[in-house]
Amino acid sequence: MLEVIHLSKIYQDRKKTVEAVRDISFQIGKGEIVGLLGVNGAGKTTTLRIIVTLLKPTTGSVFVNGYEVTKEPENVRKQIGFLTASTGLYARLTGRETLMYFGKLHSIPQHELNKRIDEAIQLFHLSEFIDRKCDKLSTGQKQRINLARTTIHQPDLLILDEPTAGLDVLGAKAIVQFIRNVKSRGQSVLFSTHRMEEAESLCDRVIIIHQGKILADSTIKQLRAESGIDELQDLFLHIIDERE
Amino acid sequence: MFDLKKGLTIFQKEILDILRDKRTIISMIVVPILIIPILTYGVTWFAKIQMKKMMEKEAVVILQNAQNFPALRDALQKEEKIRIIENILDTTAAIAMLRDETAQAIIIIPQQWDSLKFTLGQIPYDTLQILSLKTKEEAQIVVNRLNQKIEELRKEYSKQLLLRAGMDAEILKPFEISQVDVSTPTEIGGKLLGMMLPYMLILLTLSGAMYPAMDLTAGEKERGTMETLLISPASRLDIVFGKFLTILTVSIVTALLTIFSIFFTSSGLFLTISEEIRTKLNLHIDFTIVATVLVLLIPLSATFSALLMTLSLLAKSYKEAQSYVSPMVIVTIFPAMMSMFPGVKTNLAFSLIPILNVSLLVKDAFTGTLEPLYLITAFFSSIVVAAIAMRICVVTFNKESVLFRI
C-alpha cells in the first residue's frame, strides 16, 4: 500500500539549510491505521506532504500502490485522500458543488458521482446543509463536508495531518469515528498527531519521529513492554530521550 | 501531462466561484456599465452647473482713474453683471479685495492717460493694466470678458485714428486667411477615440485581470484551498490552464464591457453637443476596428493574466499580492499613453514592443491608417511575449518554495 524508502528532505534557501526529514523508511499495509507521532517541527507534516506529492523528496522514494510520487504524481493522488486541520473549502460553492468538483477532477462518471454524493450525504449526515454555501456553515459542518470531499473518490489510503487540531470535543470525536469506519472498509490511514491518547485508541501501530528521524515503529503495547512505562506521555518522552 | 477536460473543469468552477463574488461583479460588470456613464454625466452636469453659477454671479471690477478714460467706464457700465467700483485708489487695498474675493479684477488707467488725445487724432502710447489672481477661475472668466471689451474699444480707436489720417481701416487686414479642414467627420471622430481608447483599453485589460489573478492564487493560499486542489489528480498544468483561462476571460470581458460603455456614454454626450460640431464629428466603430482590437487584446490580456498570476503566486496573502502587482500599473501606463503623444507613429520596431504596439495600432485602426504588416508583427510579438509569460507562470507554479513559501 505505502512504502517509504530512505526518504530525506532538505529545505534550502540563501540563509539556511534545514534537514526536515533524515533517511526514514516505513511501510503501511492494507487496512492498517498508523499514527505518526512527534512534537511540533519533528518532520511529520513534511513527510505527509511528500507522500501526497505536494513536496518533492530530496533523496529516497515513496510508493503508493506501486506508483512512485515523483514519477507518477497524478496516479498517486488518485490513490489518496488528504485532510489537514487547515484544509479550507471554497466559501462561495455549496457542499454539493464542492463534492461534484472534486469528483469530476477524479474523473468519476456523472451518474456514479451522483450516487456517491448521495451516499456521502447519508454517511456524513449532510442533507440539511449540502446545498448551502460553505461560508454559511459551522466549523463542524465544514469538517463533515471536508471528510466527504476527502473520500469521494474512495481512496485506498487516507493521509490525515493533525486532523483534530483546533476542533472541539464533538469535532474530534467525529474524526475518530470516521477513522474507525475507514478501517472497517479496508482503507489504510496514516495520520499525524501529538495526542498520545488519540493514537492509542485508534492505531494498530505508531511511528515516533523526532528531528526528522524515526525513533520507533511499533505498537504502543510493545513500546510499553520494552520500556516498562505505562503512562503515555512519559513513554513518549522516554523514547525521545533514550533513542535520540 | 495536460488533460483538457480537467483544465476545463477547473475553469468552469473558477468562473462560477468568481461570478458569485460581489467584488468581481462590481469590478467586471457594475463599474464599466454604470459607473462610467454616471461619472461622465455627473462630472459634465456638475461642470455645467458650476459654469452657469459663475456666469450668473455679479462680477466686481475696481476701476482706478476712471475719469481719464470715460469711454471704457461707459462700455463696462453697459455690461451685464459687472459692477464698477471707482473709489478704491490704493492698489494694495484693491489687491486685498481680490484675495478675499470681494472683487475679481482691477483695471488701472494711468494718471497721465489722456483720452482727449484720441479725439485729437493722437496716439497715447500708454499701458492699461488688468490685475487679477490667476488662481481664481471666477476671476479669469471676468478678465476674459474685460479683455474682449477693451479689445473692441482698441479696434474702434484704431479705426478712427486711421480714418483721421485719411486711411482705410481695412489697411490693417491686407488679406484674409481661410483655414479649411478637409478631414471627414469619421476621421475627426477616429482621432478623438484613437487618442483616448487605446490607453483605456490597456489599463482596463490590466485592471480586469488583477482581481481574479490575486484571488485565484494568493487568495486560495490564504483560504487554505490551494492545497486541496494540488492533491487532486489535476496536474499543475491543468490547474494553471484553468486558472489562467478564468483570469483571461474576466480581463477581456471587463475591457470589452468598459469600451462599449465608454462608446455609448460618449455617443450619448455627443447628442448633447451643438448641431454644428455634430456635423463635423462622427464617433464611428466599424468591423475593422473591432477585429483589430480583438486581435491585439487577446494576446495582451494573456500576457497580463500570466504575469499577474505569476506575481500573485509569489505572495502568501491577498494583501501581499496587492503590493506585488501594483507596480505593474506604473510600468504599463507609459507605453499605454504613447497613443496620446503627438508625432509618435507606428514603425516596425514599435510594433514589436509589447503594450506600446497595442497602444499605437489601436489608434491607427481608429484613424484608418492601419498597416497590415505592423498588425501581423504586433500580433506575433504579443503571442511570443504571452507564451513566455505563461511559461514563467507554469515554472513558478511547479516550485514548491513558491506554493508553500517555506
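Two strands pair if DSSP finds at least two bridges between them. Helices (H or I, at least four residues) and strands (E, at least two) are DSSP runs, numbered from the N terminus. With that in hand, take one bridge. Leu2(A) has Ile28(A) as its bridge partner in β2(A).

Some ground rules. This is a predicted model: local features need pLDDT of at least 70, side-chain atom pairs count only at pLDDT 80 or more, and totals for chains, interfaces and linings use all residues. Residues are numbered from 1 along each chain as its sequence is written, while chains are lettered from A and ligands numbered from 1 in the order in which they are written.

Back to chain A, and the sheet around that bridge. It is an open sheet of 4 strands, ordered β2-β1-β4-β5, with antiparallel pairing. At the edges are β2 (17-28) and β5 (67-68) of chain A, and each pairs on one side only.

Go through the pairs. Strand β1 (residues 2-12) of chain A runs antiparallel to β2(A), joined by 8 bridges. Lys9(A) has Val21(A) as its bridge partner in β2(A). A hairpin of 4 residues links β1(A) to β2(A).

Now β4. Strand β4 (residues 59-64) of chain A is antiparallel to β1(A), with 5 bridges. Val62(A) in β4(A) stands opposite Val4(A). Leu2(A) turns up again here: its bridge partner in β4(A) is Val64(A).

Then β5. β4(A) and β5(A) pair in the antiparallel sense over 2 bridges. Phe63(A) has Glu68(A) as its bridge partner in β5(A). These two strands form a hairpin with 2 residues between them, and Asn65(A) in the turn has a positive phi of about 50°.

Next sheet, also in chain A. This open sheet has 6 strands in the order β6-β7-β8-β3-β9-β10, and the pairing is mixed. β6 (80-84) and β10 (213-218) of chain A stand at the edges with a single partner strand each, so one side of each is left without a neighbour in the sheet. From one strand to the next, the twist averages 15°. For angles, axes are lines fitted to C-alpha atoms, for helices over the stretch in contact, and angles run from 0 to 180 degrees between N-to-C directions.

Inside that sheet, strand β3 (residues 33-37) of chain A and strand β8 (residues 188-193) of chain A pair in the parallel sense, over 5 bridges. Phe191(A) in β8(A) stands opposite Gly35(A). Helix α1 (residues 44-51) of chain A lies across β3, β7 (157-161), β8 and β9 (205-210) of chain A, and runs at about 150° to β7(A).

Contact here is geometric: the C-beta atoms of two residues, placed from the backbone, lie within 7 Å. Ala, Val, Leu, Ile, Met, Phe, Trp, Tyr, Cys and Pro count as nonpolar, Asp, Glu, Lys and Arg as charged, and the others, Gly among them, as polar.

On to chain B. It is divided into domain 1 (4-35 + 184-404) and domain 2 (59-172), with bounds that come from an automatic or database domain assignment. The centres of the two domains, taken over C-alpha atoms, are 56 Å apart.

Two helix pairs to finish. Helix α3 (residues 70-78) of chain B and helix α6 (residues 137-164) of chain B have axes that come within 11 Å and cross at roughly 135°. α3(B) and α6(B) are therefore oblique to each other; angles under 35 degrees count as roughly parallel, over 145 as roughly antiparallel, 65 to 115 as roughly perpendicular and the rest as oblique. Ala71(B), Leu72(B), Ala75(B) and Leu76(B) of α3(B) meet Lys149(B), Ile150(B) and Leu153(B) of α6(B). That contact has 6 nonpolar, no polar and 1 charged residues.

Last pair. Helix α7 (residues 185-223) of chain B packs with helix α11 (residues 287-313) of chain B at an angle of about 35°, axes 8 Å apart. The contact residues include Leu201(B) and Ala209(B) of α7(B), and Leu297(B) and Phe304(B) of α11(B). They divide into 15 nonpolar, 5 polar and no charged.
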